[in-house]
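Student: Please take a close look at one part of the surface, beginning with a single side chain, and then relate it to the charged pairs and the helix packing elsewhere. Please state the cut-offs behind each term.

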Amino acid sequence: MRSTGRWTVRWDGGRSGSAPATWGQSYMYLVLRTLEPATAQLNQSGGVIVPPGVTLDRVLAAVGRLLVHCESLRTDIVEEEDGRLVQRLTSGSASVDAWDTTDRDDGAAIEAARLDVAGVPFDPVGLPFRSAIVVRDGTPVGLVWAASHVACDANSIPIVNRCLAAFLSGAASPDPMDECQQPLERAAFEQSEAGQRLGRRALDFWERKVGLLPVAAPWPEHEPDDPRFWRGTLTSAAIQPAADAIARRLATGTSAVLLAATAHVLSDLLGTERVAIQLTAGNRGARERIRSVANMTQTGLVVLDVDRSSLATTVGQAWRAGMQAYRHSQFDFAEFEALFDRLGQARGESVDLAYFFNDLRTDTRPAEAAVDPAEFANLRSVTAFRWEEGIRQQNIKFLIMVRDGGALTILVDTAFCSRKRAEVVILAIEELLVTTANSG
């Protein structure tokens, strides 16, 4: 990471303590262990403009206030000798780097600094947070930060940015601490009788769903690329209006439509009618979790019987299965792994659940305004796909991510699906959606 100077901030006003790691912390800690050393790909990050006239001392004070307010950002995870994970809420100090720029565009300078700060892996047993002040001609113009995914998830990013903006202006946090569940309180709930019931229900659900899966036929692997894993994005002006049209017709959300379309192409890829897909679940339905900075992300499981002649039939399944999956996505990950070891032994094979769907949008309702079906051909004329990054280490075979505006990102293990085939697969999603939208 580029740094031209360094300051130290202390946070002495916050509490300290320890507790079992939360389910969200444990899940992401173990995921990151499988990705080492390439863990920076999952770092979470953000940045804000420093208003004119705000001094360096106030910027440093804002970082200190953030670390007091958002306890997850100063909580490290310790693996005990028996394998148990413990969270330790620390007090003390942290370094803040200087990031000099000559760029006169504040937004561009902040984005460049954010990417730089976020591009460095975190020590798994160290402070899961770093920050840098963007400085031009000796004046702070921006403040950027990055955190390990163990400490926060994508839903936390706007909360951290909102807090920093308030602290820079000298205001109180817009998210009072007594309305935000901190990791210590979350751990206490998970260890309670109510929390244990929640976790057991989720694992029982997963066990039932896995019981529906047939023993998989051996899948022939390809000679992988180097790097082995690749991520690319399809930019399409047709996907969103097509998904909107289908969702309006079926009185559902667009996420169910896109999940169903993903299931269809995965069914073709695997050569099976029944597919299992893990959904990324934000787990922020409870009031006290909506404004919390923490990693609450875990996964839920859907098992769908794909009717290749009718996307609409699969959409109905996807909505119901998705709601069930989200309701059963909070559990102890160590117990989860033990369960899957037992299930694999009973089946005589490991359970293959390396296929994922992640809808990153905050609003999945269909737009009210409809696009004339005759326009879809014009919209598709500007569709473009490009490979963005090769990744050496990942723990998935196939992932579809839905982004705002209808962009779809695909991540594949090229030992499972070649890049050429992956391009065909992601374009098939657009084709299926447009064809189905037009058929109505």
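Tutor: Trp319 is partly exposed, at a relative accessible area of 44%; buried means under 20%, exposed over 50% and partly exposed in between, with a 1.4 Å probe and protein chains only. The model is a predicted one, in which local features need pLDDT of at least 70 and side-chain atom pairs pLDDT 80 or more, while totals for chains, interfaces and linings use all residues. Residues are numbered from 1 along each chain as its sequence is written, and side-chain values use heavy atoms, without hydrogens and water.

Trp319 belongs to helix α9, residues 311–327 (helices are DSSP runs of H or I with at least four residues, strands runs of E with at least two, numbered from the N terminus). Together with Met323 and Tyr326, Trp319 forms a nonpolar surface patch of about 280 Å² accessible area. The area follows the Shrake-Rupley method with a 1.4 Å probe, and for residues only the protein chains shown count as cover. Patch members have over 30% relative accessible area and no salt bridge; nonpolar side chains (Val, Leu, Ile, Met, Phe, Trp, Tyr) are joined within 5 Å, like charges within 9 Å.

Turning to charged pairs, the structure holds 27 salt bridges, each a side-chain nitrogen of Lys or Arg within 4 Å of a carboxyl oxygen of Asp or Glu. One of them joins Asp413 to Arg228 at 2.7 Å, N to O. Asp413 lies in strand β15 (residues 408–413) and Arg228 in the loop between α6 (193–210) and β9 (229–235), so this pair ties together parts 185 residues apart in sequence. Asp413 is buried at 5% relative accessible area, whereas Arg228 is partly exposed at 32%.

Another salt bridge pairs Arg386 with Glu388 at 3.8 Å, N to O. Here Arg386 is exposed, at 54%, and Glu388 partly exposed, at 32%. Both residues belong to a salt-bridge network that also includes Arg231 and Glu389. Arg84 and Glu80 also meet in a salt bridge, at 3.9 Å, N to O; Arg84 is partly exposed at 46%, as is Glu80 at 34%.

As for helix packing, α7 (residues 239–250) and α12 (residues 419–439) pack at about 45°, with axes 8 Å apart. That angle makes α7 oblique to α12.

Notes. Axes fitted to C-alpha atoms, helices over the stretch in contact; angles between N-to-C directions. Parallel < 35°, antiparallel > 145°, perpendicular 65-115°, else oblique.
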